[in-house]
Amino acid sequence: MKLSLTYEGVMVVFGPPQRVQIFSLFFQALSTAIPTFTPPQNSPLFSLQNPQDLEREMEEAGFSDVQVETQEHPFEVQSGDHLWSIMQSSAPATAGVVQQFTSEQQVAARTTLVDLLRAQYGDGPIQLPTVTHVGIGVK
């Protein structure tokens, strides 16, 4: 954290995974398609999901007057296939999770994600609620 905030006083992190639909729906699809799968419990992606933890980390990195604001905004995807592609190309942590499965399991999970998004949101584009915490401090 200290290195990532040496010159910048703004940090944006994900809120709790259940409030970040791109991840919660992805893990729900994996769990449904692959019953032996358990979503990661301590992912670094969510290590600062608590706003107080973000504030503390920024203060420990030498920032003062730290303020953390929680925001909800949409993350737009065109379809379940689009979300699957994003999770494979833009999120190394989730891509690594999927690589442990057989080709058949991956196809089943992808199909489940497509069906899940269509059932909950209809056809695209789809606005998925995403909670983030924005920390701002002065150095």
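Tutor: Let us begin with V10, which has its place in strand β1, a strand made of residues 10-14. The model before us is a predicted one. Is V10 buried or exposed, or does it lie in between? Its relative accessibility is 46%. Because buried means under 20% relative accessible area and exposed means over 50%, with partly exposed in between, V10 counts as partly exposed.

V10 also takes part in a feature of the surface. Together with V12 and I136, V10 makes a nonpolar surface patch of about 260 Å².

The secondary structure consists of five helices and three strands. Read from the N terminus on, these elements follow the order β-α-α-β-α-α-α-β. As for dimensions, the C-alpha trace spans about 50 × 30 × 20 Å along its principal axes.

The contacts describe how the chain is arranged. Among contacts with a separation of 6 or more, 81% are accounted for by residues 24 or more positions apart.

The protein has 139 residues, and 37% of them count as buried. Its accessible surface comes to about 7900 Å², and carbon and sulfur atoms hold 52% of that surface.

Notes: Residues numbered from 1 in each chain as written. Predicted model: local features only at pLDDT ≥ 70, side-chain atom pairs only at ≥ 80, totals over all residues. Heavy atoms only, no water. Patch = residues over 30% accessible without salt bridge, like charges linked within 9 Å, V, L, I, M, F, W, Y side chains within 5 Å. Areas by Shrake-Rupley, 256 points an atom, 1.4 Å probe, with all protein chains shown as cover. Salt bridge = Lys/Arg side-chain N within 4 Å of Asp/Glu carboxyl O. Helix = DSSP H or I, 4+ residues; strand = E, 2+ residues; numbered from the N terminus. Buried < 20%, exposed > 50% of the residue type's maximum accessible area, 1.4 Å probe, protein only. Contact = heavy atoms within 4.5 Å.
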